[in-house]
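Below is a short report on selected contacts in one protein model.

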Amino acid sequence: MQVIPAIDLRGGMCVRLQQGDYDRETVFGDDPAAMAGRWVSEGAERIHLVDLDGAKAGKPVNVQAVRSILDSVSVPCQLGGGVRDEATIATWLEAGLDRVIVGTQALRDPEWFRSMAEKHPGRLVLGLDARDGMVAVGGWLETSDVPAAELAARFDGLPLAAIIYTDIARDGTLEGPNLDATAELCRRVKTPVIASGGVGELADVERTASIPVAGCIVGRALYEGKFTLRDAVERAGRASNRP
């Protein structure tokens, strides 16, 4: 299981939100490229980027910060937030992103998402952000009546790179990920699943690796020094290799 550090961008700064609430923001740094370099030095094999301003605006906002990260690290990066049209997908892929994450628009226009996934095989990720099991969209500001697992199953036949599942109630809380919902999603789909939201200690990393999932995104716990990325990578490797 890959342990994937997250860099959430708002106003060009590295921040974390609690439960997706834009009014509960903590700033952790003003140099996103340096932060990315730090995670790579500690063993990151992939970096997860979120354009928080873009998620609200419905279009890319933190472009300069993302480009600075891409220019400074050699590991693959993936990004979500504000990806609502083909031009944005193309722009980000041409900029050097390995994967682009689509959430809101996959729910609002399923046929468009299908066509984009087929046009860019292995480069798109379905971002499934759930509140009480239902898909949330628009920067988590709106909750739909569509179950997250149902939406995932609907797109499971597409050539997607992965599905990222985030339980919004756990995100940024350090209270532990929603392993039951994540495991259920893994059982329902063949597409690789990446868990996100709530990791607060090394034991959470170990439990997540045992589901198993392809990756686990970690944010606040790393920024607050609950454990190091190096230790998390080591713990994930041990748990993933158990029979």
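Is Tyr223 buried or exposed? Tyr223 has a relative accessible area of 12%. The cut-off for buried is under 20%, so Tyr223 counts as buried. The model is a predicted one.

**Aromatic pairs**

The structure holds 3 aromatic pairs. One of them joins Trp39 and Tyr223. Their ring centres lie 5.4 Å apart, and their planes stand at 85 degrees. Planes over 60 degrees apart count as edge-to-face, so this pair is edge-to-face. Trp39 belongs to helix 1, whereas Tyr223 sits in helix 10 (residues 220-223). The pair therefore ties together parts that are 184 residues apart in sequence. Trp39 is buried too, at 0% relative accessibility. Trp39 and Tyr223 also share one aromatic cluster with Phe28.

Another pair is formed by Phe113 and Phe155. Here the centres are 4.9 Å apart and the planes are at 70 degrees, so the pair is again edge-to-face. Phe113 lies in helix 6 (residues 110-119). Phe155 lies in the loop between helix 7 (148-154) and strand 10 (162-167). This pair ties together parts 42 residues apart in sequence. Phe113 is buried, with a relative accessible area of 0%. Phe155 also counts as buried, at 0%.

The table sets out the two pairs.

| Pair | Centre distance | Plane angle | Geometry |
|---|---|---|---|
| Trp39 and Tyr223 | 5.4 Å | 85 degrees | edge-to-face |
| Phe113 and Phe155 | 4.9 Å | 70 degrees | edge-to-face |

**Helix 1 against helix 3**

Helix 1, which carries Trp39, spans residues 32-41. It packs against helix 3 (residues 63-72) at an angle of about 35 degrees. The two axes are 8 Å apart. The crossing is right-handed. Which residues of helix 1 and helix 3 make the contact? Helix 1 supplies Pro32, Ala33 and Ala36. Helix 3 supplies Ala65, Ser68, Ile69 and Ser72. By class, the contact has 5 nonpolar and 2 polar residues, with no charged ones.

**A buried arginine**

Arg84 sits in the loop between strand 5 (77-80) and helix 4 (86-95). Its relative accessible area is 18%, so Arg84 is buried. What does the side chain of Arg84 reach? It reaches the backbone oxygen of Ala55, at 2.8 Å.

Notes:
Residues numbered from 1 in each chain as written. Predicted model: local features only at pLDDT ≥ 70, side-chain atom pairs only at ≥ 80, totals over all residues. Heavy atoms only, no water. Axes fitted to C-alpha atoms, helices over the stretch in contact; angles between N-to-C directions. Helix = DSSP H or I, 4+ residues; strand = E, 2+ residues; numbered from the N terminus. Left-handed = near helix turned anticlockwise from the far one by under 90°. Contact = heavy atoms within 4.5 Å. Nonpolar A, V, L, I, M, F, W, Y, C, P; charged D, E, K, R; others polar. Phe/Tyr/Trp six-rings, centres within 6.5 Å; stacked < 30°, edge-to-face > 60°. Buried < 20%, exposed > 50% of the residue type's maximum accessible area, 1.4 Å probe, protein only. Polar contact = N/O pair within 3.5 Å; in protein donor to acceptor, adjacent residues only side chain to side chain.
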